[in-house]
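This report walks through a few features of one model, for a reader meeting the structure here.

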Amino acid sequence: MAGKTLFEKLFESHVVHEQEDGTVLLYIDRHLVHEVTSPQAFEGLRLANRKPWRTGSMLAVPDHNVPTVNRADGITDPVSREQVSTLDRNCQEFGIQEFPMNDLRQGIVHIIGPEEGFTLPGATVVCGDSHTSTHGAIGALAFGIGTSEVEHVMATQTLLQKRPKTLLVRVDGTLGPGVTAKDVVLAIIGEIGTAGGTGYAIEFAGSVIESLSIEGRMSVCNMSIEAGARAGMVAVDEKTIEYFRDKPFAPKGEQFEQAAEYWRTLKSDPDAVFDKVVVLDGSEIQPQVSWGTSPEMVVPVGGRVPDPDEEPDEVKAEGMRKALAYMGLEANTPITDIAIDKVFIGSCTNARIEDLRAAAAVIGPGDRVADNVKLAMVVPGSGLVRAQAEKEGLDKIFINAGFEWREPGCSMCLAMNADRLEPGERCASTSNRNFEGRQGQGGRTHLVSPAMAAAAGIAGHFVDVRKYK
Amino acid sequence: MQPFTVHQGIVAPLDRSNVDTDAIIPKQYLKSTKRTGFGPTAFDDWRYLEPGEPGMDHSQRRLNPDFVLNQPPFDRASVLLARENFGCGSSREHAVWALTDFGFRAVIATSFADIFFNNSFKNALLPIALSADTVDRIFKAVYSQPGLEVKIDLPAQTVNVPGVDQFSFEIDSFRKHCLIEGLDDIALTLKHADAIRAYEEKQRKKTPWLFNDLNAGC
Ligand code: SF4
């Protein structure tokens, strides 16, 4: 019999019950909650007179609506304020641990989960948020769910699931200098397409993935959903285990060693069989820049905006034309000729300490944000990331170069708070979605790595970080 | 949940791939803490000429005449037709609530994103995946006869497109059963409460660290 994939090990160990048609009742260990997708679920519990099954498995945090400046003054927008205070009230009423807006530990839900040791290897992790896939980087089975499912998990500690198929994405070789985890995942999506992972759980493996830090692996798994897959994961190794030593909610002492022993089994067996395998050569990956309105519309920084007239598939060509019109771009323009109006360094993809270090590293003494750039902002992923960055003096580097140093939250990744693009504005963004209107109605998003975003801010247009320094 | 058995209605052709949930319901409307009222702002950026904000009287806003759902008879459509990867992106169930609140009972597309697909069943919106070729034939039929009504028969798992053909579609037997009966998932799952408790007992011994629970206020 063939061995098991990591996915199978995680999934099988959480099956409570299986129906004849293969629908599985899957046990959920960790449930993260934020203010946008939870109010209707709490309301549903109340209407049905139900209680959460296990409040201790839940951690709540407001992140999408919170302001990134003058936070001590509260939220000005009354609708956002109401949503955040609804979360506070619900957590109080049901007895759920919350990091409120002004708690030092507050941050983007997918940044604080691992940072607190709340999400752990071997766990099933859900959240009413598609980027829950991030937590797969630590060898967890993590995926986003809708609000009805949030209510279902609250009430029953389980979810009804069908087994997805398994996809192995192996990135071999070694990355060149200046090429980061973000470039790897953008290149993967460029290769397999935004629906390439639909119906699959992805395991990322190969020497490039192994060489990444846990933070880098999180950037990769974060964007599994942009490849269509609800879950992306990486096998546990010693880096994973070290990452969880001393995290606040992680097991301690003897229990830690017991857990670590189990965590070491969380990898695909050598003879495990995947439904599909995709292999990329890491040494060929270059810094990436997206040019369109879907994350698969991406090219290496040395390339040009593609030409729809050269696309043989007419439906695709039409999609490209629509994207170019929205983005205000001409086919065949060199990527490095594209000037930008704003820079956003942040989001659950790229707002961990390593990302801020990478962005700060391209800023030389005396460098200033270019005159044509109206706003360049750095939004740390959590209060603890912010504090760490300040300890290392990164905030000074950003501020001296003219970047704004903000308080943690989702911010301009989706522009639910006051941070947004105006119609027609073009942004170099480290976030994960370049959909129409994502960063503000009519806004134009180019997805890049933190180093590429910082360099574009200084140059005023996209540049190849490898030649830049 | 409202049951779904047989539905007949006008098909609106939304001729795009990768229709994402940000497009179906833009973020500013996610600030609502309700499940209802999202219909007037479904496809807001495409549907209106000026940007919208929560709390506006949307009936007073200027409609974009080029957008298909503003053109009669498609403004009365209850079946939406699109191409591949429909509902990709954010997990927001608000996208499904916006479609059902607009009046849609079913979406026909070449393929669906996983989370949107799951969310649909929780709200009696039937997502039907058909081959690219079939979807293309339905588009052509709708373009040549605007106002064309299709008949969706869930028990029989068929879509009847008059003058074109009758197509079969796949659906899990459990989901089909829940839709036809209009069942509440949570009540069904709670019938397994003993199995859930037994699982917890067993796991508490195997992986005790996953049961170090957080306490509010700690
Ligand atoms: S940072 Fe962006 S992608 Fe991540 S949770 Fe927040 S809004 Fe979603």
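In chain B an open sheet of seven strands runs in the order 4-3-2-1-5-6-7, with mixed pairing, where strands are DSSP runs (E, at least two residues) and helices are DSSP runs (H or I, at least four), numbered from the N terminus, and two strands pair if DSSP finds at least two bridges between them. Strand 4 (126-129) and strand 7 (165-168) of chain B are the edge strands, each pairing on one side only. Strand 2 (residues 79-81) of chain B pairs with strand 3 (residues 106-109) of chain B in the parallel sense over three bridges, and B:L80 stands opposite B:V107.

The model is predicted: local features need pLDDT of at least 70 and side-chain atom pairs pLDDT 80 or more, whereas totals for chains, interfaces and linings use all residues. Residues are numbered from 1 along each chain as its sequence is written, chains are lettered from A and ligands numbered from 1 in the order in which they are written, and side-chain values use heavy atoms, with hydrogens and water left out.

| Helix of chain A | Span | Residues in contact |
|---|---|---|
| Helix 12 | residues 353-361 | A:D355, A:A358 and A:A359 |
| Helix 15 | residues 450-459 | A:P450, A:A451 and A:A454 |

By class, this contact of helix 12 with helix 15 of chain A has five nonpolar, no polar and one charged residues, where Ala, Val, Leu, Ile, Met, Phe, Trp, Tyr, Cys and Pro count as nonpolar, Asp, Glu, Lys and Arg as charged, and the others, Gly among them, as polar.

How values were computed: Axes fitted to C-alpha atoms, helices over the stretch in contact; angles between N-to-C directions. Contact = heavy atoms within 4.5 Å.
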